[in-house]
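Good morning, everyone, and thank you for making the time. I would like us to look together at the structure on the next slide, and I will go slowly for those who are new to it.

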Amino acid sequence: MAPKAKPKLSATAAVSVEDLFMTLDRHIQRSEYDRAVKVADQVLSVAPGDEDAIQCKIVALIKADNIDAALSTIVASSNKFPLDFGFFKAYCLFEQNKLDEAMESLKGLEKDSATMLLESQILFQQGKMDASVDIYQKLQKSKIESLEVNLVAGLVAAGRAYEVQGMMDAMRVKATSTFALAYNVACALVERNKYSDAEQLLLLARRIGLETLMDEDLADDEIEIMLAPIAVQLAYVQQLFGNKQEAIESYTDLIKRNLHDESSNAVAINNLIALKGPKDISDGLRKLDSLIEKSIGDQSFQLIPVLELKLSAKQKEAIYINRMLLLLHSNKIDQARVLADALPRMFPNSVTPILLQAAVFVRENKAGKAEEMLGKYAEKFPSNKSKIVLLARAQIAAAAGHPQIASESLLKIPDIQHMPATVATLVSLKERAGDVDGASAVLDSAVKYWSNAMTEESKLSVIMQEAAAFKLKHGQKEEASKLFEELVKSHHSIEALVGLIQTAACTDVEKAETYEKQLKPLPGLKYVDANALEKTPGAKRVENGPQLGNAEPHETKGKEKAKKKRKRKPRYPKGFDPANPGPAPDPERWLPKRERSSFRPKRKDKRAAQIRGSQGAVAKEAANTGNTKSSQPSIAKGSSSSAAAVQPKPSSKP
């Protein structure tokens, strides 16, 4: 950079400062930032109050990724120079992932393009995607390099991928202008479920990136690192296509290469674990633990510093969720509980940590606590997020035998209230709770809703049919008859006509006879005498067979076949004469010798137990042996069986 006007110095000092600034400018042009810092220090030693020199030093330290030294220099220079280092300080804090402090440092600064761009990046890292996108959109008229890349990334992260194409048309930018933009647009296509288009654009992005980076004379390793996100995204597209084995091979290959792109490596590990599921849990936990730093003091968790800065909030949450699921699958409930308690603080705007806390309670057989916790959090979240919480609460309550709580949770979700599956579930839960009137009210509400609904796919006929059947089952025949009659008039349903006749036969016989005439006669029953049919004894029961009717002809046929079966002559061993078979073989010939009736155990040698000593002692020992001989085998047998029963079965758990 060109030096500014300096205070008057001696001629020797002036020449020295000018030479140093020329050297400083040369190092900066060559991106030799470490040398630039040393030259800036030399300038400050000659001219301690030079503002350009201190700014050059801070920027060179930031460019050299020496953020700690840059922040220390800013703090030390704040009182010495009449300059506002707020922007540099905010950037250093952003690089250290101290996002709240960085945002605080930006307050009071002029809202120029650089300040707004940094603010949008801080908001992006904080997970405030909509606010970040708003700032990017305000900067569209500014000529900022790669602004469209960041804007597309923000739209995708904010769940607004459908706006990407319109934004690019407005900015008159092509997706293939750079490989980074092509990659981000492909991510937007993935979010819109256009997987084939995304795959083609990713392949094109890889080719453009390879050509661009080779023109910049980068080494092969550096090129591979720069294109690693594209490789991971291509594997993810294969995963979405259902090509599980191909995706696993791609992820495994990326992990084995151990590229120096920590974020791509972390995404590959996470996706590989998600694909494998509960298989090889110990390996999955080991890989995830290599990405996570755990502080012992306050039981809080965070990723390694590089990942904390590079990964989005959504990606971080996915890593912690997968680790939580692996802990549950491996029955490490204590560790899972600690992580479950930390996740709501780490991701306060997400519903998934609450569901994981409920899962831990369920594994601990504390369904009541899970229901209470989910009910409390359902009131805090907005309706679009509380739906999944209420559904989880209903599922847990139904499985735990609390149908009243389950139905209460489902009734709090208005947009699925009258869907056939929800109505059927509510009716079943109300019946289990003994609330027949409540189940009937649910059906009446559903009938009323679909009667007034102006939709092409009306479920009125299905709901009315089930409502009428339910009311008929529980003795509400008049209401059932009205529903059946309405169905017959509006939908001409044969099932409803049969139900109406059955119901009306108990309440209004004339109506039943009137509607009975609408039934079409069955073919083959034209000349059947109903009175004679009623006097017949009915069908006979057939044992060992599901069919009804007289089975005697089949049995007779079977007997005839058995009589006609030709008996074959028995085959005897070679040289055997059936007329003179000789003595019968021993029936115990196949049993082990110790199990045969003729087996006699060997007698013990009495001489082996001789004891030297006095004659009286021998006689006493023999007497004792004789007295305990009969009880000894039973004691030994009992001891052996007890040991076999107490011995635990070897565990197959890892």
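What follows is a short walk through some of the salt bridges.

Please keep in mind that this is a predicted model, in which local features need pLDDT of at least 70, side-chain atom pairs count only at pLDDT 80 or more, and totals for chains, interfaces and linings use all residues. Residues are numbered from 1 along each chain as its sequence is written, and side-chain values use heavy atoms, with hydrogens and water left out.

How many salt bridges does the structure hold? There are 21 salt bridges, where the term means a side-chain nitrogen of Lys or Arg within 4 Å of a carboxyl oxygen of Asp or Glu.

Let me begin with Lys-287 and Asp-283, whose side chains meet in a salt bridge at 3.3 Å, N to O. Both residues lie in helix H17, residues 281-289, four residues apart, about one turn of the helix; helices here are DSSP runs of H or I, at least four residues, numbered from the N terminus. Are Lys-287 and Asp-283 buried or exposed? Both are buried, and by that I mean under 20% relative accessible area, with exposed being over 50% and partly exposed in between, using a 1.4 Å probe and protein chains only.

Lys-107, by contrast, is exposed, with a relative accessible area of 58%, and it forms a salt bridge with Glu-104, the closest N and O atoms being 3.3 Å apart.

In the pair of Lys-430 and Asp-435, the closest N and O atoms are 3.7 Å apart; Lys-430 counts as buried at 9% relative accessibility, whereas Asp-435 is partly exposed at 26%.

Technical notes:
Helices (H or I, at least four residues) and strands (E, at least two) are DSSP runs, numbered from the N terminus.
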